[in-house]
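Have a look at it first, and then we'll go through some questions together.

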Amino acid sequence: MPSRTAAGGRAAVVTGAGVGPATRRGAPHAPAWLAALPALVVIGLFSAYPVLVMVANSLGLGQPPADGGPTLEHYARALGSVTVREALLNSLYIAVGSVLITLCVAVPVVLRQADDDRAGRRGGAATDALLTLPIALPGIIIGFFAIVLTGRTGLLGLAWDGFSGLAYTFSGLLIAYLYFSLPRVLGPLRGAAATLDPSLTESARTLGASRPRVFLTVTLPLLLPAAIETSGTAIAVALGGYGTVATLSEGCGSCRSTLPTNSPPGTGSPPRPPSR
Amino acid sequence: MTRLITRLTCAFVVIPLLATLVAATSVDFSQGPWGGGLTLDWFAHAWPPLAPVIGRSLAVAALVVVLNLAVGGPLAWWVARHPSVLTRLTGYLVNVPLAVPGIALSVALVGTYPMLRPSGLLLVLGHLVFTLPFTLAALVPALADDELRTNESVARSLGAGAVRVLRTITVPACLVAVTQAVTMVFALSFGEFNVSFFVNPPATPTAPFALFDSYSTQRLELASAQSMIFVAFVAPVLTAIVLARRRAPGRTP
Amino acid sequence: MSTPAAVPTTDPTPTAVRPAGLTVDDLTVRYGSTTAVEHVSLDVAPAETVAVIGPSGCGKSTTLRAVAGLVPVAEGAVGLAGRDITGLSPARRDIGLVPQNYAVFPHMSVAANIGYGLRARGTATPRREERVREMLELTHLSDLAERRPDQLSGGQRQRVALARALAIQPDALLLDEPLAALDPQLRGGLRRELAAMLAATECATLIVTHDQREALSLGSRIALLRDGRLVQFDTPQRLWDDPVDAFVADFLAGAVLLDAEVADGHAVTLDGRWRIPVGDLAVRPTGHGAVRLLLRHDSLTVTDDADAAALLAEVTHSEFTGDGVHLTVRAGERLLGVRVPPDARIGRSVSLAVAPGRATLLSPRA
């Protein structure tokens with residue numbers, strides 16, 4: 001998402017052609033990419049390289065003790081295992097399901113926020129702050145929320161028995177991940193909604209289209225690219241979101257396994273979720 | 001209709017916070033809300049063990065913020081001002097940690113650099129790698145702005161050197177974006193669990209790790225109190241992000 | 001703001017000492033493989049205003065940016081006040097730049113904007129404040145000194161940008177499309193205001209515009225560019241009276257320039273289909289070679305007698321202009337313009353004759 005640059009946006013000749021580096025002739029100076037070097041080194045060493053090593057190891061290309069020779073055996077073995085396969089599928093269901101539901105909620109919310117902002121209505125900041133808050137809450141806290149509300153002694157359980165213990169079920173986990181994904185979808189989507197030109201929907205209305213029709217034929221198609229990009233990232237993050245599952249799996253042997261807790265650290269001293 | 005959904009979504013976010021607050025102020029939550037009466041004792045018990053951990057987390061987060069600006073700022077400048085195939089590739093590379101599940105990368109980090117773990121250096125670098133995408137996302141559009149670039153050329157034509165242009169034109173124009181990046185990075189690092197969980201120096205945990213420990217070993221009421229303390233540290237930072245974002249130029253038509 | 005003594009002093013040098021204003025010598029600018037400006041040479045005397053004009057993409061803005069040092073020069077040289085500034089950093093050129101959107105720094109007050117260049121040069125505070133006050137007075141902004149740019153109108157912003165550029169007492173002033181960002185209704189007044197302020201300055205001024213009215217009224221000379229090349233560089237009067245080619249005539253004056261030859265006291269044009277008695281034409285000398293016929297909108301009339309001096313043309317378009325009707329007519333391959341009274345009855349085709357003395361025959365021999 002940060003790779004987007006808005007270079008040469010204006011049509012004027014001033015910048016249209018002048019996108020290239022402004023010269024600093026006279027004072028000879030270092031090439032511009034030098035500025036990026038420290039960051040690239042950090043990213044290369046601590047992001048790209050470890051991932052490459054991990055991929056290489058998984059393919060049997062690593063150094064000993066990795067068993068010699070390129071092989072897909074690790075993958076075959078992992079995918080052959082029923083528990084891994086089930087965990088993988090559960091993870092996928094939860095990540096994709098929670099993000100899709102979030103999207104359905106997020107679209108009307110961002111449209112409302114964009115409307116309010118344009119109309120200069122008050123209260124926007126409070127809503128905005130509230131809806132952004134969960135992004136800074138680690139998954140474990142969200143898992144804990146689920147326990148407080150729908151655990152065995154949960155608050156909502158008092159209102160209706162069906163809520164008791166919901167936290168440890170598939171749907172409970174789905175709802176917890178909804179909380180987790182909400183700010184990650186809302187944030188980028190807000191930006192897209194704010195740039196929607198209201199005159200487009202107004203024109204569509206004056207052409208005789210009903211509100212739902214305008215939504216389906218104008219608003220939604222315009223939001224779609226941002227929605228796809230956003231949900232892609234959110235699904236990836238949700239797939240790796242470990243804290244929620246870790247918390248909810250505590251003292252819950254019967255709860256379904258999902259992938260993050262099922263991928264034991266292969267190297268280093270494996271820190272296990274401390275168990276009672 | 002959209003207003004109703006927005007209200008419900010807000011409620012969805014708020015209710016767990018309120019419920020946790022109720023749990024944290026109940027003498028015995030298993031007897032229902034405020035079962036056994038109202039108390040602040042849990043907060044008193046929660047703070048002493050949490051204090052050093054929060055201090056450590058704050059320090060890590062602050063360090064990660066500084067490194068983000070020092071390393072991510074120039075990177076963002078390069079990506080914004082010299083767009084090419086290379087910068088686009090860099091954009092993808094920076095985003096790798098968003099696409100790779102956090103724990104996978106953490107495990108890979110610990111496996112590749114076990115010697116950096118005890119000092120906590122690996123933790124900081126792990127957080128740095130995870131937060132750089134957000135720094136870039138905030139800074140690149142601000143730096144690529146045409147108006148800013150024209151302003152910079154005018155400032156230079158008026159006789160200002162590179163440092164002065166940076167100080168008097170570029171940084172003030174990017175202030176909102178920088179605030180947004182700083183607060184976001186801070187909040188993310190402070191609440192980061194995946195990397196912290198695996199890369200933590202075992203003897204010196206950070207806040208999310210300590211929370212996790214409480215969740216698994218302590219009473220629900222105490223854990224609630226600790227959660228609320230954690231939220232209390234994060235909420236102001238988030239509010240700052242939102243206020244900065246709302247002040248961003250170009251939002252009003 | 002204190003600065004080391006290394007900063008060059010900006011105290012005014014009397015203009016008489018300066019050997020020359022701005023010179024652009026054989027300038028070529030390339031962006032990658034495309035050549036934006038090719039072998040352009042210009043000069044602007046101190047206190048003179050030169051307008052660079054041309055259709056969009058002709059390289060006029062690039063020329064300005066090259067003079068300001070914002071794009072690299074591939075070939076050629078830029079000189080200012082006797083110095084060669086081709087390779088100099090923009091910060092050391094002593095050039096005041098007013099970009100198209102004015103680039104008024106949004107986070108500084110009007111006064112701080114105007115004083116920016118002086119601060120950067122380390123001008124002492126009392127001197128700076130005095131200079132800012134002078135500039136505020138010159139641009140009629142004294143009442144707005146502490147305003148923020150977002151509280152200003154377009155015209156006021158333009159004046160801030162101008163004051164800021166002039167505050168450093170530059171050797172050259174560069175204005176990029178100075179009026180394009182303003183409401184059309186305001187342009188006339190602001191153009192006259194701008195002309196007055198420019199007249200009060202001593203520096204060489206280069207104005208880039210695509211509007212021929214602006215160029216004709218603001219420039220003491222006009223450089224017309226097309227496709228990165230300089231087509232004609234002369235005074236507005238001479239560009240108007242003696243355009244070098246049909247493009248210049250059309251772009252600057254909306255006129256038509258036809259190749260012609262003189263035979264038997266007649267000007268013959270349009271491949272011999274039109275013979276006009278030389279006596280009906282104003283004959284002027286030209287500095288550009290061949291004999292040509294210059295037709296403006298008021299040069300032609302519709303006539304009833306289809307004699308030898310009349311041209312039969314087909315009406316392709318008619319446009320009501322208030323005091324008359326403007327017809328676009330086609331004669332052979334050429335489109336011509338002719339004005340008729342609003343009540344004239346016009347058919348599909350018309351006979352055209354020149355209005356005596358209104359059409360010009362440009363002849364190398366006077």
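Predicted model: local features only at pLDDT ≥ 70, side-chain atom pairs only at ≥ 80, totals over all residues.

Residues are numbered from 1 along each chain as its sequence is written, while chains are lettered from A and ligands numbered from 1 in the order in which they are written.

Q: How many helices does chain B have?
A: Helices here are DSSP runs of H or I with at least four residues, and strands are runs of E with at least two, both numbered from the N terminus. Chain B has zero strands, and its count of helices is 11.

Q: What percentage of the residues in chain B are buried?
A: A residue is buried if 20 or more other C-beta atoms (placed from the backbone) lie within 10 Å of its own, exposed if 12 or fewer, and partly exposed in between. Chain B holds 253 residues, and the buried share of them is 57%.

Q: What about chain A: what share of its residues is buried?
A: Chain A is built from 12 helices and zero strands. Of its 276 residues, the buried share is 36%.

Q: How many residues of chain B that touch chain A are nonpolar?
A: Contact means that the C-beta atoms of two residues, placed from the backbone, lie within 7 Å. The contact takes 78 residues from chain A and 96 residues from chain B. Sorting the chain B side (Ala, Val, Leu, Ile, Met, Phe, Trp, Tyr, Cys and Pro count as nonpolar, Asp, Glu, Lys and Arg as charged, the others, Gly among them, as polar) gives eight charged, 23 polar and, for nonpolar, 65.

Q: Where does α5(C) bend?
A: This helix covers residues 184-199 of chain C and reaches 23 Å from its first C-alpha to its last, close to the 22 Å expected. That expected span is 1.5 Å times one less than the number of residues. The bend, taken as the angle between axes fitted to the seven residues ending at a residue and the seven starting there, is about 30° at Leu190(C).

Q: Which residue in the turn between β18(C) and β19(C) has a positive phi?
A: Strands pair if DSSP finds at least two bridges between them, and β18(C) and β19(C) pair in the antiparallel sense over seven bridges. They form a hairpin with two residues between them, and the residue with a positive phi of about 65° is Gly332(C).
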